[in-house]
Amino acid sequence: MKQRLQLAQAGLEKMRAGRGSRYYPHYHLAPPAGWMNDPNGLIWFNGLYHAFYQHHPMSEHWGPMHWGHATSKDMVHWQHQPIALAPGDVEDPDGCFSGSAVDDDGVLSLIYTGHAWLDGVGNDAAIRQVQCLATSRDGVHFEKQGEVLAPPDGIMHFRDPKVWRQDGTWWMVVGARDDRDCGQVLLYRGETLRDWTFERVLAGANDGESYMWECPDFFPLGEQHYLMFSPQGMRPCGYAFRNLFQSGTIAGRWQPGGAFIPAGPFRELDHGHDFYAPQSFSAADGRRIIIGWMDMWESSMPSKAEGWAGCMTLPREITEENGALRQRPVDELLALRQSSAPLPSGTLSGEQQVATHITRSELLLTWDTQASRAEHYGLRLGDGLRLYVDNQARRLVLWRCYPQAGLDGYRSIPLPPGVLLSLRIFVDRSSVEVFVNEGEAVLSSRIYPADDNRSLHLYAAQDEAMLCRGELWTLAAIQAD
Ligand code: FRU
């Protein structure tokens with residue numbers, strides 16, 4: 001692998017030298033250049049956070065998957081590391097697909113999917129996918145240990161292993177597509193990371209619901225166990241499931257050796273346009289954190305013209321409160337705050353410009369939804385983004401329109417009950433993440449405003465709105481351009 005890694009690294013350096021930065025994030029993790037998709041192998045190991053990711057270092061398009069690598073002391077400031085894995089060995093001739101990382105008695109161990117095209121690149125009808133192991137003592141240089149788990153008979157789509165240790169036993173969930181074309185999650189038990197026994201089908205789709213479940217994860221939180229995964233093939237249903245693929249959780253009960261007993265339906269984790277393949281990990285102090293890929297398959301990605309594509313969401317702490325999942329930006333992100341300005345609170349009617357140019361900002365807004373009688377009210381960023389309450393439909397709407405990129409559409413959630421609606425909004429050069437009411441809901445979308453079209457306005461249309469509190473923070477840029 002060494003030579004292929006060197007070639008990949010050299011290719012990346014070349015891409016990086018020519019990379020543009022108009023849309024390149026100020027404070028989100030993105031590849032130095034080239035393509036990025038799923039987060040992989042998120043782990044706190046030997047005093048550092050590691051984020052690996054699906055990476056094509058030689059191109060801004062998806063291709064033979066490598067594992068990119070970055071490390072951080074705080075999940076906020078990231079340092080790029082050498083590419084960790086390159087494909088091309090017998091077990092992974094065409095790609096090192098998604099997977100996870102564990103600490104095996106001081107050995108940083110990556111468990112990932114080795115991918116092979118059996119009948120031409122891109123032909124999903126004839127592939128081989130196996131689970132593989134790679135290990136490292138220094139956390140930077142990895143040695144492949146080869147295949148450790150082949151698919152069960154009759155299963156071809158078999159990928160994205162998530163491994164954890166519980167009471168001295170290794171466990172692994174793997175995403176699969178069964179012989180009826182239904183997505184499912186398979187559970188394995190391991191004596192070591194090299195020897196695995198099939199335990200059970202942990203959960204699966206009903207006929208026609210979804211054909212493949214990618215990137216499974218399984219963890220305890222609060223009183224329950226959460227199965228998190230990314231189903232492909234769900235049909236849109238009203239305001240739900242509108243992206244090409246979804247990501248979400250099923251909550252339930254589980255004990256080692258037993259079945260998973262779901263306690264409710266599949267719930268989407270994020271209601272924006274761009275969120276996929278989230279993975280969880282434990283922070284140094286035990287908080288459960290998730291990071292997702294802030295993009296969507298087959299979406300238009302204007303940053304490709306700059307020689308890069310793909311970025312991660314901010315890390316979010318997830319908790320269970322009164323039986324429901326909450327997601328909040330990790331507290332470490334407060335370190336990004338530089339200076340703040342209050343926004344004019346009180347009664348608002350018509351439109352008011354409150355900032356001329358925002359590219360790295362955190363915005364805090366609390367609306368009184370009872371006192372606000374406007375037909376719709378909220379904010380707009382330039383001409384391309386609106387985040388507003390539709391008072392007739394009683395929904396919070398995130399609408400983006402970037403015609404040059406072929407992007408135009410909205411996502412929305414029901415207005416949460418309660419008088420006050422508090423929004424914590426992170427804006428970067430090409431993204432917006434909206435945390436609603438202390439993480440009751442999140443909407444994440446990529447945005448592509450021109451440089452001269454980033455003014456911030458508050459507005460209330462047809463009657464008044466009541467803004468109880470508004471604050472605008474400028475955040476630090478943590479990436480070199
Ligand atoms: C999810 C996914 C995974 C796969 C990887 C390939 O986005 O399709 O199932 O391992 O991306 O890059």
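This note goes through the overall build of the chain and then one group of strands.

1. The model is predicted: local features need pLDDT of at least 70, side-chain atom pairs count only at pLDDT 80 or more, and totals for chains, interfaces and linings use all residues. Residues are numbered from 1 along each chain as its sequence is written, and side-chain values use heavy atoms, without hydrogens or water.

2. The chain has one helix and 33 strands. These are DSSP runs numbered from the N terminus: helices are H or I with at least four residues, strands are E with at least two. The radius of gyration is 22 Å, close to the 23 Å of the globule rule for 481 residues, so the chain is as compact as a globular protein of that length. That radius is taken over C-alpha atoms, and the rule is 2.2 Å times the number of residues to the power 0.38.

3. Of the 481 residues, 61% are buried (under 20% relative accessible area, with a 1.4 Å probe and protein chains only). Take contacts (heavy atoms within 4.5 Å) between residues at least 6 apart in sequence: 58% join residues at least 24 apart.

4. Now a local view. Strand β21 (residues 316-321) pairs with β19 (residues 288-293) in the antiparallel sense over three bridges. Pairing requires at least two DSSP bridges between the strands. Ile289 has Glu317 in β21 as its bridge partner.

5. β21 also pairs with β22 (residues 324-329), antiparallel, over six bridges. Thr319 has Arg326 in β22 as its bridge partner. Two residues lie between the strands of this hairpin, and Asn322 takes a positive phi near 50 degrees.

Technical notes
Buried < 20%, exposed > 50% of the residue type's maximum accessible area, 1.4 Å probe, protein only.
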